[in-house]
Amino acid sequence: MALVRASQYFLPTWKEEPTEAELPSHKLMLRAGMIRKLAAGIYTYLPLARRVLHKIETIIREEMDAIGGMEITMPMVHPAELWAETGRLQEFGPILGHLRDRAGRELVLGPTHEEVITDLARREIRSWRQLPLVFYQIQTKFRDEPRPRGGLVRAREFTMKDGYSFHESQEDLDRFYRKIYQAYLNIFRRCGLSVVVVEADPGLIGGSESHEFMLPNPFGEDSFIQCEHGDYAANLESAVSRKEEDDPAEPLLPLEEVATPDCYTIEAVAQFLGVPPRKTAKAVFYRAGEELVFVVIRGDLEVNEGKLARVLGRADLRPANEEEIARVGAVPGYASPRGIRRDRVKVVVDDSIPKARNLVAGANRAGFHLKNVNFPRDFSADIVADVALAKEGQACPRCGGRLKVQRAMELGHIFKLGTKYSEAMGATFLDREGKSRPLIMGCYGIGVGRLLAAVIEAHHDEEGMIWPVHLAPFEVLVSVLDPKQGALLESGEKLAQALAESGFEVLLDDRDQSAGEKFHDAKLLGIPILVIVGPRAVKQNQVELERRPDGAKFLVAGEPKAVVEKTTELIGAKGQRASTS
């Protein structure tokens, strides 16, 4: 195995805390000389990071190959017309990087590869006899994120493992989906991570079913909702809750207009009229392209814009301004679905509204509200759907238990795409009856750089990283405290060489630095076993081994055989280390 001398290795460690970093993983990767920033959200991976990434990528390849995946590499630069075929050239908005070649043809920097893989499939797949097919790649992606943060957690240029499968039937996709689901669990387990799998919103990728693999983390930029009883978990964009219903036997009372001076908010109206917020109807306006969208939702709930975008089939939502609201006959602060210009607005009613009775709603008249508004008696809708944001403390939709919100990092996402892309791009095959049908697809992604950051988030302390043995950049660090002493350096070299010949990956710290600096870097780098070669090694023929995870220390004879045996005892022989992965 490898023996690397620190004096000949690029290892630019920092003592100081980087002011630009917030997440522990970002701070530690900068301090340990793993990454360096080139521009916002764009990083260079230095040798130490590459060693760990290689091990993570090996785990991913092994698990993908085990379920029939075949590795390919697709271009990072895509013809824009491919994206136009699926409509995502506009849907992705400003995060999609654009450029033109010398002939003026529009190109995009790939943030994902559904269009490219579907183009390959429509050119190459002809018959059901070729199916199923599973491809994957580990490739660079670019998304022009408006607020990159957290180092590799939210970067603009990043490495992703994206996989795509093609099937002749929904049943075959369902079977493979269960396999990829388990393969992902295997990958994260082998990386030393305990993930929570949650139901997810397919978002701009699309499809009928989707799951995210989340690592609970207080610094995570995502959140998910989980039932206290553990029988339901979903990301915030797709989470649902059990909505309280009014008694269906409650009589529908006649409409009544009441004065509500200076009551512009649900809270003010509810307090003025002495009713709970859940007995009011909230009006929320959005602009989707050229269309105005009027959402009616119960007053104690909030609109989930992700759900709304999915219901509308639009990604270009933004809040409407007062001028746009007034243009359709609504009065800001007192808007009502009654009396508006229906030819100029699409009305979306949350499914909480049909289950409610005698609500208070705006009267489309400044300073007035209507009591006893009921759907569909008093107003109609273009769409009735769940567009409410699930919140902590609400009831689980499955068992009624209390929902809790947790911060997390999203590590992986899998989708049942169905025929979304194959229909749009004409990717068909001849089925067993000789009929042409669109290919049925799945899509499966893991952020590889983010996975590296997640491992550090889960395995560190205040002094540095604590690598799982099978992911560590080196397994053993042999630290010669004073390499100017020839006997000491010679002893360290012999021990390092013996460890390397026994199958360990060894970093020999032969740098001309103080003992304090070497101990600092040893904690920071988090290499599982530290072998300290100091004055005692010469005087008493003893060396000290320190185990990084728990700080346990062991004195052993300074002979190569004794050090190799103790190291093997502490972290296992080569075959045993591989089996723990």
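Predicted model: local features only at pLDDT ≥ 70, side-chain atom pairs only at ≥ 80, totals over all residues.
The protein chain is divided into three parts: domain 1 covers 2-12 + 465-577, domain 2 covers 34-239 + 405-456, and domain 3 covers 256-385. For domain 1 and domain 2, the C-alpha centres lie 39 Å apart. Across their boundary, 16 residues of domain 1 are in contact with 15 residues of domain 2. The size of an interface is often given as the accessible area lost when the parts come together. Between domain 1 and domain 2 the buried area is about 1400 Å², and carbon and sulfur atoms give 70% of it. On the domain 1 side, the residues that lose the most area to domain 2 are Trp-467, Leu-471 and Pro-473, which together account for 38% of what that side buries.

Two packed helices are described by the angle between their axes and the distance between the axes. From α1, the contact draws on Pro-24, Ser-25, Leu-28 and Met-29, while α11 provides Leu-452, Ala-453, Ile-456 and Glu-457. By class, the residues of this contact of α1 with α11 are six nonpolar, one polar and one charged.

Helix α2 (residues 47-66) also approaches α11: their axes come within 10 Å and cross at roughly 110°. That angle makes α2 roughly perpendicular to α11. Here Ala-49, Val-52, Leu-53, Ile-56, Glu-57 and Ile-60 of α2 meet Val-448, Gly-449, Leu-451 and Leu-452 of α11. The contact of α2 with α11 comprises eight nonpolar residues, one polar and one charged. Leu-452 of α11 takes part in the contact with α1 and also in the one with α2.

Strand β2 (residues 35-39) runs antiparallel to strand β3 (residues 42-45), and four bridges join them. Within this pair, Ala-39 stands opposite Ile-42 of β3. The hairpin formed by β2 and β3 has two residues between the strands, and Gly-41 in the turn has a positive phi of about 75°.

Further along, three strands form an open sheet in the order β5-β7-β6, with antiparallel pairing. Its edge strands are β5 (77-79) and β6 (97-100), each of which pairs on one side only. From one strand to the next, the twist averages 35°. Strand β5 and strand β7 (residues 106-109) run antiparallel and are joined by three bridges. Pro-79 is placed opposite Leu-107 in β7.

A second open sheet has five strands in the order β17-β15-β16-β18-β21, and its pairing is mixed. Strand β18 (residues 345-350) pairs with β21 in the parallel sense over three bridges, and Val-348 stands opposite Ile-383 of β21. Helix α8 (residues 305-312) packs on the sheet, where it touches β15 (281-288), β16 (291-298), β17, β18 and β21. The direction of α8 makes about 130° with that of β17.

Some details of the backbone complete the description. The peptide bond from Leu-131 to Pro-132 is cis, with omega near 0°; Pro-132 lies in the loop between α5 (114-124) and β8 (133-142). Another cis peptide bond leads from Phe-375 to Pro-376, with omega near 5°. Pro-376 belongs to the loop between β20 (368-373) and β21. Asp-262 has a positive phi of about 60° although it is not a glycine, and this residue is found in the loop between β14 (256-259) and α7 (266-273).

Methods: Residues numbered from 1 in each chain as written. Heavy atoms only, no water. Contact = heavy atoms within 4.5 Å. Nonpolar A, V, L, I, M, F, W, Y, C, P; charged D, E, K, R; others polar. Pairing = 2+ DSSP bridges. Axes fitted to C-alpha atoms, helices over the stretch in contact; angles between N-to-C directions. Domains from an automatic or database assignment. Buried area = accessible area lost by both parts, 1.4 Å probe. Parallel < 35°, antiparallel > 145°, perpendicular 65-115°, else oblique.
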